[in-house]
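Have a look at the picture first, then read on.

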Protein chains: 4
Amino acid sequence: MGGGGAPPKCCPPGLPLTSADLQPQLTRRRPGQSALTTPRNEKDAVHIQSGTEFGITLGTPIGLRVANEDQRPHDYSEMDLYPRPSHADWTYLLKYGVKASSGGGRSSARETIGRVAAAGVAEKYLSLVHGMEIVAFVTSVGNIHLPCSISPDLSSEYSTLQQTLTREKLDALSPLTRCPDTETSKKIEALIAQYRDAADSIGGTVTCVIRNAPAGLGEPCFDKLEAKLAHAMLSIPATKGFEIGSGFLGTEIPGSRHNDAFIPGPNGALSTLTNNSGGIQGGISNAQPIYFKVAFKPPATIGQPQKTATYDGVQGTLAAKGRHDPCVVARAVPIVEAMAALVVMDAVMIQQSRQAARNVQDGKKPCS
Amino acid sequence: MGGGGAPPKCCPPGLPLTSADLQPQLTRRRPGQSALTTPRNEKDAVHIQSGTEFGITLGTPIGLRVANEDQRPHDYSEMDLYPRPSHADWTYLLKYGVKASSGGGRSSARETIGRVAAAGVAEKYLSLVHGMEIVAFVTSVGNIHLPCSISPDLSSEYSTLQQTLTREKLDALSPLTRCPDTETSKKIEALIAQYRDAADSIGGTVTCVIRNAPAGLGEPCFDKLEAKLAHAMLSIPATKGFEIGSGFLGTEIPGSRHNDAFIPGPNGALSTLTNNSGGIQGGISNAQPIYFKVAFKPPATIGQPQKTATYDGVQGTLAAKGRHDPCVVARAVPIVEAMAALVVMDAVMIQQSRQAARNVQDGKKPCS
Amino acid sequence: MGGGGAPPKCCPPGLPLTSADLQPQLTRRRPGQSALTTPRNEKDAVHIQSGTEFGITLGTPIGLRVANEDQRPHDYSEMDLYPRPSHADWTYLLKYGVKASSGGGRSSARETIGRVAAAGVAEKYLSLVHGMEIVAFVTSVGNIHLPCSISPDLSSEYSTLQQTLTREKLDALSPLTRCPDTETSKKIEALIAQYRDAADSIGGTVTCVIRNAPAGLGEPCFDKLEAKLAHAMLSIPATKGFEIGSGFLGTEIPGSRHNDAFIPGPNGALSTLTNNSGGIQGGISNAQPIYFKVAFKPPATIGQPQKTATYDGVQGTLAAKGRHDPCVVARAVPIVEAMAALVVMDAVMIQQSRQAARNVQDGKKPCS
Amino acid sequence: MGGGGAPPKCCPPGLPLTSADLQPQLTRRRPGQSALTTPRNEKDAVHIQSGTEFGITLGTPIGLRVANEDQRPHDYSEMDLYPRPSHADWTYLLKYGVKASSGGGRSSARETIGRVAAAGVAEKYLSLVHGMEIVAFVTSVGNIHLPCSISPDLSSEYSTLQQTLTREKLDALSPLTRCPDTETSKKIEALIAQYRDAADSIGGTVTCVIRNAPAGLGEPCFDKLEAKLAHAMLSIPATKGFEIGSGFLGTEIPGSRHNDAFIPGPNGALSTLTNNSGGIQGGISNAQPIYFKVAFKPPATIGQPQKTATYDGVQGTLAAKGRHDPCVVARAVPIVEAMAALVVMDAVMIQQSRQAARNVQDGKKPCS
C-alpha cells in the first residue's frame with residue numbers, strides 16, 4: 001500500500017473487501033462518471049487476484065489486476081521523430097537509453113489506475129475503522145477560481161464546504177467539472193470549451209479534504225505528514241505544486257492573524273479556532289480537517305502544431321493531432337483522493353504501532 | 001545522507017573531505033553571516049567523528065557532531081500551561097504521550113543543523129564531480145515579491161539571475177534579507193521592521209536553483225525528482241508549500257504557451273527554448289536548470305499576547321515573550337540548499353548505478 | 001527484484017529478455033525435469049506482462065504472471081479441525097486472525113514460483129554481464145552425505161566439483177536426486193524410497209556455488225554478503241540452517257589451518273590458496289567462488305497418522321493423507337539458485353553505483 | 001533500532017531508560033566480566049545524548065555515545081605490506097579503494113559496541129512489557145561440545161536448561177567460558193589454553209534462547225523470523241553459520257519424529273509436545289522458546305607466522321604478533337543476545353501494529 005511505506009506492506013487481516021469496494025473510484029477516473037453510473041462497458045474492471053478469501057482480507061499481499069484494452073498496433077508516423085514537448089519522451093530516453101514505442105509506456109497516465117485501485121483497499125479500512133472521509137474537488141481552471149478558495153484565511157463558507165462536501169454531492173452537482181459551485185462551474189466549462197476549440201489546453205488546481213483523520217499522524221522530522229502528502233501528490237503525472245492549509249497565500253499575512261488559537265474541544269482534547277494549519281502542526285495531525293491544494297499544469301499534448309526539434313536536433317513542426325482533453329483536473333480528483341488515502345493509511349499504521357507499544361507499557365493488556 | 005535514501009547510505013569513498021567543507025553553510029544559518037565571515041564565537045562548529053582518514057572519505061558512515069550550548073535550566077513559568085498556537089507542543093503530546101520540557105525538543109528548528117552538516121558532504125561530491133551549484137534566495141516576504149519571480153513564464157531576466165547568482169554574490173548584496181534585488185530587499189527590510197515593531201511575524205518564500213544537475217535523475221513513478229524535492233522541502237520546519245518551475249501560476253496559462261519546445265543543445269543533446277518545466281519532465285531531470293519555490297509561514301512565536309487555551313482547555317492569554325525573529329526566510333536559505341543537495345545526491349547515485357549497469361551490458365569495461 | 005532491496009527496484013534497461021529466459025528454472029522446480037525437457041503440459045508457464053518491448057527491458061518494472069491451475073473446491077473434512085503439526089496453519093491463525101481455507105494459502109511452497117521467475121531476470125543480467133554462474137546441488141539426504149562435502153577443509157576434489165559442475169551436467173547425471181555423485185545418489189534414492197514406503201519424510205541439505213561474482217559485493221556492517229544470503233535462504237520454506245564456506249565444521253579446526261593465505265592472482269589481484277572463507281571476507285566478496293549450504297527439514301506433511309490436537313485443544317489423530325513427497329531437497333535446488341541470484345544482483349547494483357561514483361571522482365568520464 | 005527496520009525507527013515513548021540500563025551488557029563484552037562486576041576503569045561507558053528526558057524516552061531518536069580510547073599512533077611496520085589472511089583488509093581495499101590505516105577501521109569488532117548499546121534499549125522494552133528473556137551461552141569450542149546440544153532432538157535436559165538459565169547464573173558458573181556445564185567448561189578452558197600456548201586460535205558456537213516472545217512475530221514470505229535472525233547473526237563479525245531449532249542435525253531424522261505435535265496449552269492456546277521448530281513455524285513465532293545456534297570461525301589473527309602474499313602479490317611471511325585472544329565465543333555471547341533483541345523488537349512493533357489494526361476493526365476502542 002503506497003510506494004515504499006514503512007509499516008507492513010499488507011492490509012490488516014479480517015477486513016471485508018471485494019472488488020465492488022474498489023470499482024467506484026476506478027470508474028470515476030472518467031469525466032462524467034460518478035460512483036452511481038454503471039459503466040457502459042467493462043473498461044477498467046478490477047479483479048482481486050490474491051489476499052482475500054470469502055470477501056475477507058487474509059493479511060497477506062493483495063494482488064489487483066486491471067486489464068488494458070488490446071493495444072492497437074502503433075502506426076509508424078513521421079511524428080515519432082519528435083519527442084513531445086513537456087512530455088517524458090526525451091527524458092525517458094536519457095534516463096533508460098530505451099523508450100517504449102507507444103503511448104509513453106510507463107510515463108502514461110494510465111499508471112494511475114494502480115494507485116486508485118490500491119487506495120480503495122486503504123479507504124475501506126480508514127472509513128470502516130476511523131470514519132475517515134476523503135473528498136477532493138476542483139478549485140480552479142485557468143484563472144477561474146472557486147472564490148472562497150483564494151483567501152489566505154479559511155472562511156466559514158469554505159470551512160463548511162470542506163466539512164460537508166461528499167463525492168456523491170459533488171458528482172451530482174458538477175459531474176463534468178467537479179467544482180462544487182454552480183456558477184464557478186459554468187465559467188470553467190466555458191473556459192475549457194474555449195481551449196478545446198482552440199485545440200489548446202489549460203491547467204488548474206484540485207483541493208482535497210481529509211475528515212476524521214486521527215490526531216498523531218506523521219513522523220517528524222523527515223516524514224512529516226505534509227511532506228509525505230507533498231511527495232505523493234507531486235508523484236502524480238502533470239503536477240506542479242502542493243500547498244497545505246493556508247499555503248502560499250498564508251505567507252503574506254502576519255502571525256497574529258495566521259496562528260490557530262487553541263480552544264476547548266470534544267472529549268477533553270483541544271480544538272482550534274481557525275485552521276490555517278490545515279490540520280497539521282509540527283508535521284503531526286491535530287484532528288482538525290486536513291486540506292491541501294495541488295497544481296496541475298496544462299496538458300502537454302495539444303492539437304495545435306508545435307515548432308520543436310526532432311530527437312536528432314532538427315527543427316521542425318510536430319503536427320496537429322486531432323482532439324485532445326484540454327484539461328485534466330476533473331479526472332485528477334479521484335487520483336488525488338487515492339494518494340491521500342495511501343499516505344494516511346501508512347501513517348495510521350505506524351501511529352497505531354506506537355500507540356499499541358505505549359499501551360502495553362502502561363500496564364494495559366497488550367493489544368491482542 | 002538524506003532520510004531513508006535508496007542507494008548506499010555511505011558517501012562514495014576517496015572523496016576529499018574535512019570539516020572546513022561543512023562549516024560555511026552551518027555558519028550561514030544565521031542572518032548576516034556569510035561563508036566569508038569568521039564566526040565571532042565557536043557556535044555550531046562541526047566535527048567529523050568517523051568515516052574519513054587523512055582528509056579522504058573511507059566509504060564507511062560519516063559521523064558528524066555539532067555541540068549544543070549548555071542548556072540554561074528552564075525556569076518554570078505559568079506560560080508552560082499553554083501549548084503554543086501553531087507550534088508542535090500540542091501535537092507532540094498527542095503523538096508521543098510525553099513532551100520535552102524545553103524549547104520544543106526535537107521539533108525545535110535546531111534539528112536543521114544535522115541536515116545542513118550532512119548536505120555539506122553531498123555538495124562536496126556533487127560540485128567536485130558534476131560541477132553542480134545550488135543557490136537559494138528569498139523571493140518574497142509578506143506581499144513584497146521579487147518582481148521577476150511572480151510571472152507564470154520564466155523571463156530572460158529571471159533566467160539570467162538563476163544562471164548567474166552565487167551564494168557569495170547574494171550574501172554580499174543582501175546579507176540580511178538574502179533577496180537578490182536591492183530595491184526589493186529594501187522594501188523587505190522595511191516590512192520586517194514593521195512586523196518586528198509590532199511584535200508580530202510574517203512569512204515569505206525561498207526559491208532555489210540547481211545548476212548542472214545531470215539529466216536522468218528521478219525515479220518514476222513514485223519517486224519523481226520533483227516529488228522527492230517536495231518531500232524534502234515540506235519536511236523543513238514552518239513550510240507550507242512547494243512548486244516546481246512555473247508552479248501554481250503556470251496552471252493559468254495555456255499549453256501552447258506553457259510547453260517547452262525542444263531546440264538543439266550541446267553535444268548532440270536537446271535543450272529547451274523555455275523552462276516552465278523547471279528542469280524536470282516526466283519526473284526526470286532534463287539538464288535544464290532545476291528551480292522551485294518553497295513557502296514559509298509566519299513564525300508562530302510572536303511577542304504579542306495571544307488568547308488561547310491551556311493544555312486543560314482553560315481559556316486564557318499566552319503572555320508576550322519579548323523579542324523574536326519576525327521572519328525566518330533568510331535563515332532558511334542554506335536549509336533549502338541543504339535539502340536540495342541531499343535529494344540530488346541520492347538521485348545521482350541511483351542513476352549512476354543504472355548507467356554503470358547499462359555500460360557493462362553494452363560491452364564496455366565494467367566501471368572499476 | 002528480491003524483497004526490499006536497496007538499489008533501484010527495476011532491471012537495468014536494455015537487457016535482452018523474454019519468457020524463454022525465465023521458463024527453464026520454473027520447469028526445473030519439478031523433480032525429473034531439466035531445462036531441456038519440454039514440459040508435457042503448460043504448467044507454470046510464465047508470461048511477461050510489462051517492462052519489456054521487442055524483447056528488451058525498458059528499465060521500468062517487469063510484471064511476471066504464472067497462472068495457478070483451477071482450484072478444486074476444497075472438500076470439507078474432519079481433518080480441517082487440526083492444525084498440521086510443524087506447518088504454518090496454527091501460526092498464521094495466531095498472527096493474522098484469519099486463515100486461508102485451503103492448501104496453506106500464502107504459506108504454500110507455491111509462492112516460490114515468484115522467486116524463481118524473478119531470479120531469471122537477475123540471472124540474465126549477471127550471466128551476460130559478469131559471466132556469473134550459479135549452481136546448486138544436493139549434498140545430503142538424511143544421514144547420506146556427499147563425502148567430499150563433510151570436511152572442514154575444502155578438498156581439491158570438492159573444489160573441482162564446485163568450479164566445473166553445471167545445471168545441465170547435474171540434471172543429466174542425477175535428474176531425480178540432483179546429487180552430483182552417482183554412488184551417493186543411489187544411496188539417496190534408496191533412502192528416500194524407504195521413507196516413502198514408510199509414509200514418512202526426511203530432510204537434507206543443498207549446497208550452492210556462485211562462480212565469477214565480482215569482488216567487492218556486500219555492505220558491511222549489517223548487510224554483509226553472507227548475512228543477506230543467510231536471510232534469503234532462511235526465507236525459503238522448510239529451511240533450518242545456513243552456513244558459508246567452512247561453516248560449522250570450520251569452527252573445530254585451528255586458525256593456522258583455517259586461514260586462507262593470499263597468493264598472487266590474475267591481473268595483479270590476489271587470490272587465496274584455500275577457500276574456507278567461501279569467497280567472502282569481512283562481509284565482502286573476494287572473487288573466489290562463493291559456496292554455502294542450506295539445511296531443509298523433513299517435510300511436515302506425512303502419510304502416517306499423527307497424534308495431535310485440534311484448534312480447540314482436543315487431542316486426537318490427524319489421519320493419514322495418502323502419498324506425499326518424502327523429500328524436497330531436489331526441488332529446492334532451483335529455489336536456492338534463485339535466491340542467490342536475487343541477493344547477488346542487489347549487491348552488484350549497489351557496488352556498481354559505488355564504483356561509478358569513484359570513477360567520476362577520479363576524473364574519468366562519468367559512466368554515461 | 002536494528003539496521004533498516006520497517007517499523008518506526010524510534011523507541012516507544014514513555015519507557016523508563018537511563019544509561020544504567022545499557023551499561024551491563026557493554027561491560028559483559030569482556031571475558032570475566034559480568035553485570036555485577038564494577039568495571040575497574042571507565043572503559044566503554046555509554047552516555048545517552050538525546051531522546052530521553054527525566055529518565056523517560058520521548059519517542060524521538062535516541063543517540064548513544066561510547067568513546068574510544070585515544071588511538072596510539074600506529075607504528076609503521078613491514079607487516080603493513082600484508083593484507084591479513086581471512087581478514088577484511090584485502091576486501092575493504094577492493095570495495096572502497098581506500099582503507100583505514102589502523103586496526104581494520106570499520107571492520108574492527110569494536111563496531112559491535114553500537115549493537116550492544118542499542119539493544120539495551122530494545123531489551124528494556126521487551127522485558128518490561130513482554131517479560132522477555134534472552135540468554136545466550138557457549139555450546140562448543142573446537143570439538144568440545146555441550147553434550148545435550150548436539151542431538152537432533154531437544155532433550156528434556158536441554159529444554160530445562162533453555163527455560164531456566166539466566167545471564168547471572170551463567171556468569172557465576174562460568175565467567176570465562178560462558179558454557180553452562182562445569183565439566184564441559186573445564187575441557188573448553190584446557191582446549192583454549194592449548195591453542196593459546198600454540199599461538200593459534202579456535203572457533204566455536206554460541207546458542208541463544210529467547211523466552212516469552214509473543215506468538216505472531218515474523219513477516220512471511222521474505223522476512224520470516226528465522227530469516228531476520230539469520231541475517232542479524234551472520235552480520236556479526238567472524239560468524240560462519242546459523243541454525244534454528246533442530247538445525248542441520250534435524251535434517252537427518254524422519255518427519256514422524258521431527259514434527260512437533262500440538263497439545264493443549266495455557267489460555268486456550270496450543271502448545272507443542274516437542275520443539276524442533278525452535279519456536280518458529282511457517283516463519284512465525286508460536287510462543288514456544290525460540291532457540292538457535294551461531295557458528296564462529298577461529299579468529300584470523302594468530303601469533304604464528306603465516307606464509308602469505310603482500311598487497312603487491314609478493315610471497316612472504318606475516319610475522320608473529322605476540323599474544324592474541326585464541327577464541328572469541330565467550331565475548332560473542334552478549335553480541336548474539338543484542339542482535340536477537342533488535343530483531344525481536346522490530347518484529348514486535350510490526351505485529352503490534354497489525355494487532356492494533358485488527359482490534360479497531362473488531363469494534364474495540366482504537367488503541368489510544
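What is the order of strands in the open sheet of ten strands? It goes β6(C)-β5(C)-β7(C)-β13(C)-β8(C)-β8(D)-β13(D)-β7(D)-β5(D)-β6(D), with antiparallel pairing. This is a predicted model, where local features need pLDDT of at least 70 and side-chain atom pairs count only at pLDDT 80 or more, while totals for chains, interfaces and linings use all residues; side-chain values use heavy atoms, leaving out hydrogens and water. Residues are numbered from 1 along each chain as its sequence is written, with chains lettered from A and ligands numbered from 1 in the order in which they are written.

- Strands here are DSSP runs (E, at least two residues), numbered from the N terminus, and two of them pair if DSSP finds at least two bridges between them.
- The edge strands are β6 (144-145) of chain C and β6 (144-145) of chain D, and each pairs on one side only.
- Strand β8 (residues 239-244) of chain C runs antiparallel to strand β8 (residues 239-244) of chain D, and three bridges join them.
- Look for C:F242, which stands opposite D:F242 in β8(D).

**Strand β8 in chains A and B**

- Strand β8 (residues 239-244) of chain A pairs with β8(B) in the antiparallel sense, over three bridges.
- A:F242 has B:F242 as its bridge partner in β8(B), and A:G241 sits opposite B:E243.
- β8(B) also pairs with strand β13 (residues 290-296) of chain B, antiparallel again, over five bridges; there, B:T239 is partnered with B:F296.
- Six of the six residues of strand β8 (residues 239-244) of chain B are buried, so the strand is largely enclosed by the rest of the structure. Buried means under 20% relative accessible area (1.4 Å probe, protein chains only).

**Where chain A meets chain B**

- The contact (heavy atoms within 4.5 Å) takes 101 residues from chain A and 100 residues from chain B.
- Chain A and chain B bury about 7,400 Å² between them, 59% of it on carbon and sulfur atoms. That is the accessible area (1.4 Å probe) that the two parts lose on being put together, summed over both.
- In chain A, the residues losing the most area to chain B are A:K95, A:K240 and A:F262, together 11% of what that side buries.
- There are four salt bridges between chain A and chain B, each a side-chain nitrogen of Lys or Arg within 4 Å of a carboxyl oxygen of Asp or Glu.
- In one salt bridge, the side chains of B:E111 and A:K224 meet at 4.0 Å, N to O.

Note on methods. Buried means under 20% relative accessible area, exposed over 50%, partly exposed in between (1.4 Å probe, protein chains only). Helices (H or I, at least four residues) and strands (E, at least two) are DSSP runs, numbered from the N terminus.
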